[in-house]
Amino acid sequence: NKQIMAGMPPPPLPAAGQPSPARAFVVSVVRRAGQVIGLTPPRIPNAVGESPFQQSVAASSMASASADVEQAAAPIDTVVDAANEEREITQNMLRDFVATGDGGDSDEEGEEANIHNLPRDNNNNDPDADELDADDSGEQMTHESNPDLGIPGAPPGWCPPQPPEGHVYAPKHDAPALFSSVDNPGGFDSYSFQPKYDKSKKYIGHATPAGAKVVPANADGKRIMEDWEFFYQGWEASDFAKETYVRGEAKHGNLMPASRKGCLDVEEMKKLGMTAKRVSDPLFIYQMLFPLCEPSKSGINDDKRMPYYSQTATYTNTYAALSGGGVGYGHLWKNVSAIEMIKWEGIPIRHGSLDGNPGTHHTRWMKTDPRFDPIIFDNFNYSRYLELKRNFKLNINDKEKKRGEDGYNPCNKYDYIYQVLVSNMNNLTKKADSDCCIDETTWGFSGFMGEVGGKMIKKKVDSGGQTTMIFDINNRYPRGLVHRHKKSTRPEGFNQQGPAEMVYLINQIDNLTVGNPPTQTTLFNPWQAADVEYEMKQVYDAPPHITADNHFSGEHVLDYAGGKGYGMTMTNRRDRFPRNLKPYFHHDKVAPGCKKAKVARFHNPIVAVKETLATVAKKAYTKVIVSFQSTGATNIAGVNNITSAHLYATTKERGRGNQKRYWAIEQNEGRETYLDNYWGVDNTDHMIKNANVRYITWKYWHAPYHHAKSMGIIAAYDIYNECCDGELEPSWKVAEKDRMTFSKFRQTLSQQMLEYDPRNRLYPGDDQQRTCTQQHKKRRQPSTRIIAAVYEDDGLSVVNVKKAKSSDRICETLDDLSKHFGTVTRISNSKPCEVCGKNTAWKCMKCNKHVCAMSNKKWAGACVTAFHNLSFFGLARSDYDTLHKQQVNNWTPPTSSVKDRNKRRMRSICDEIDDEVSTVQEEGKDDSEGQQACT
């Protein structure tokens, strides 16, 4: 730290685009802070000769447990070259960190927020949010002998919170002297249903702790206010309400029936090439959402997918050319291909899957760093990685409407990937879930964002932007979206942000519903040199049921959705009650720990119902508001969404033995429907955080781009799991124990992306790539290679280790090793040693491999021993070719840290093999005993 704070001169910067003195000062402060917390590495001095950094690199490179092997593996020239190379990598990273662009909005200062994409708060950013007990903390069971109070679902012997002993109803002033004379249709107790007074101490009626008064009864005994009828002892739907109900078989006791679950389109997936073998190929699933090739050249009849990599390569090349790249102005530029774009996008995916920090991408190319990754190093150059990062684009700016023009879209820099994801996801779907969730998803960015972002209130990030999206509730499949920005227009009558977005999204769902005109997306396709219309596939048979939070609430939203035949369930903001009805619902804030509120949690809910007849322009619908006390006042508003509303309880338990405890959660159909359906976007946000697809950038739109890319990976993983369930196609079924975890899925996907080669002809359209058409006709044969999809980042697998253990090379006993020692012979020609890489004439004739045996007429058999050791499998020079499918000329001797990592991995694989053997033996033993018993 003293060395850092002493101040070292910065690395040389590009001549063009020098930052201003003020900006240079800010950047230096940010970099210093990053160095202290580990976000950025220490600066590299410009002095000629070995710096402390180079000395540490040399020291770490030469440190070894076996001096003979390591000194041969890392001669001093190699160490110096490695140090110089890593110094250059670090300087390139720092230059990229402080680089300036052309002065546009994308080049304003700003670093992607360190904490972003975390689940949002239940309360959103609304000051009048409901306090719903979403965590099911409930009220713990008292272990007393209590009478049965008639609450269905409560554990036996459980008693809800009761008034304190000795409580006596004691009214003041002019309140009714007897509690029995109070208008109390809900049967509330005198402790929590208290008299209220105005400022002049005049009695104004009884109310609950959250301020709900009772609607007086009319001459017919009904309690009606503003055409809403109130019920205090539960509610059962009338024949009219049953006719307008849209949730089919969903009812009390089974609010999530299987009949409302959607499914993927098996025929469409088979048309794209899905087979039983392809199910476990992450890149194949991923390319169904983000096509690797131009769909019009995929060779698939009527391929309706929107293109991705062919377009992004075009956009990137166009931006680089218009910026002067490759013509003598600006940075040098070589046109990028779709193949290279695939590999480039695989880098942040892999970095995130290996738990990488956004500021440590460059360490994947540094061989002496513990975070070094051979997959990235072997398949992509770091300088080229920075070039593509600098020029990557998702649109052509010159073709977009400018600020101030009609049709200007502030989100045009990143909108394209969202449109591709949603369109292609719907294309793979036969039927979407009949229940969906609408909510905003947040991406974080700390700098200037134009009209698309700003400060966040009550979010896990201080600043960033948001996109409101439609998701299925059973899988994380996106169906539609609306970007939030400051230039958005709002429909007449919907002046708040949430209700306006809800109207736009409902209109999108209209176009996704069979019988309505579908959505058409116009895209200029350079491959066809024309505008191409892409039609969004319709995935709803009827208007679905929508769940949302109070940010989107309002009676006018219920009227709009209900008139179109939708169902809807949402929490209701306390400032958006129907006109004149607020005093009759739970609406006041309650102090934490209020005992009266705890008692009121197990009162019957207040239910208000309004039935609206059909008109020429609208369908008939039924609006219902369920008001109850939870941790605070909570109101669930809906339309066509429930057929009953009563108080019941859900039993929860935790712990074991004497420590086990039980408790009950107050429940009603409105609350349960909301909690069962409102999770899709929050869960997706959590998975986006886990995906960790990020890097440090000055361009704000890369943050929402990474956000959408993570959504696509999550959707691909859910597609994988749905296929593995076997319900779509029995032959696709994969047992739970054999499925990839989300981490393994990302690691495998990223490796496949980085190693992607169309000449293998594994994916649709590969044979149309230039690298394939250049091949000799005899080589243009479909690949018979089995897709790997099982290698870890160190290139090992259970299958390959089993093969190695059964081969002659691996020796598990001294007798086995002595057989190899007896064949080690000195021959006339020298070749690199399999272990240390140094030229040697000694050769194991049994393995037919060169390994060092003698040095200066002395026995030096460390290489012979290591090559035949199972812990070294995967690290030898020949393994680089036969196991990892890499060019052997690029192989370098493994360092001690690499050897240790390989040893740990081998130990883990061997344990897995031993477990399999034990399982097989036990099963065989059971079968044998069963046969004996039968005999």
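Rings of Phe, Tyr and Trp (the six-membered ring of Trp) are taken to pair if their centres lie within 6.5 Å, with planes under 30 degrees apart counted as stacked, over 60 as edge-to-face and the rest as tilted.

**View 1. An aromatic cluster in the predicted model.** Trp 344, Trp 365, Tyr 382, Tyr 385, Phe 392, Tyr 695, Trp 701 and Tyr 705 form one aromatic cluster, and by the pairing rule the count comes to 28 aromatic pairs. This is a predicted model, in which local features need pLDDT of at least 70 and side-chain atom pairs count only at pLDDT 80 or more, while totals for chains, interfaces and linings use all residues. Residues are numbered from 1 along each chain as its sequence is written, and side-chain values use heavy atoms, with hydrogens and water left out.

**View 2. The whole chain and its confidence.** The chain has 26 helices and 27 strands, where helices (H or I, at least four residues) and strands (E, at least two) are DSSP runs numbered from the N terminus. Of its 935 residues, 53% are buried; buried means under 20% relative accessible area, exposed over 50%, and partly exposed in between, with a 1.4 Å probe and protein chains only. Among contacts (heavy atoms within 4.5 Å) between residues at least 6 apart in sequence, 67% join residues at least 24 apart. The mean pLDDT, the predictor's confidence in each residue on a scale from 0 to 100, is 82, and 81% of the residues reach 70 or more. Over residues 101-128 the pLDDT is below 50, and beyond near neighbours in sequence this stretch has 97 contacts in the model. For residues 138-148, where pLDDT likewise stays under 50, the model has 29 contacts beyond four places in sequence.

**View 3. Two edge-to-face aromatic pairs.** Tyr 169 and Phe 179 form an edge-to-face pair, with 5.3 Å from centre to centre and 65° between the planes. Both Tyr 169 and Phe 179 lie in the loop between β1 (139-140) and β2 (194-197), so the pair ties together parts that are ten residues apart in sequence. Tyr 169 is buried, as is Phe 179. Phe 494 and Tyr 560 also form an edge-to-face pair, with 5.7 Å between the centres and 75° between the planes. This second pair links distant parts of the chain, 66 residues apart, since Phe 494 is in the loop between β12 (478-483) and α14 (497-511) and Tyr 560 is in helix α15 (residues 555-563). Phe 494 is buried, with a relative accessible area of 10%, whereas Tyr 560 is partly exposed at 23%.

**View 4. Helix α20 and the helices around it.** Helix α20 (residues 742-754) has 13 residues and, at 1.5 Å a residue, should span 18 Å, which agrees with the 18 Å between its end C-alpha atoms; the expected span is 1.5 Å times one less than the number of residues. Eleven of the 13 residues are buried, so α20 is largely enclosed by the rest of the structure. The buried residues include Phe 742, Phe 745, Arg 746 and Leu 754, and the buried residues of α20 pack against α8 (282-289), α9 (309-322), α10 (338-353), α11 (374-379), α18 (680-691) and α19 (702-724).

**View 5. The start of helix α17.** A side-chain oxygen of Asn 668 reaches to within 3.1 Å of the backbone nitrogen of Gly 670 at the start of α17. Such a polar contact is a pair of N or O atoms within 3.5 Å; within protein, one must be able to donate a hydrogen and the other to accept it, and residues adjacent in sequence count only if both atoms are side-chain atoms. In helix α17 (residues 669-677), the buried residues are Glu 669, Gly 670, Arg 671, Thr 673, Tyr 674 and Asn 677.

View 6. An open sheet has the strand order β23-β24-β25 with antiparallel pairing, two strands being paired if DSSP finds at least two bridges between them. The edge strands, each pairing on one side only, are β23 (824-832) and β25 (849-850). Two bridges join strand β24 (residues 839-844) to β25, and the bridge partner of Cys 844 in β25 is Lys 849. Cys 844 is also one of the residues touched by His 868, and among the others are Arg 809, His 820 and Cys 847. His 868, in the loop between α24 (862-867) and α25 (879-882), is buried with a relative accessible area of 1%. A polar atom of the His 868 side chain lies 2.7 Å from the backbone oxygen of Val 864.
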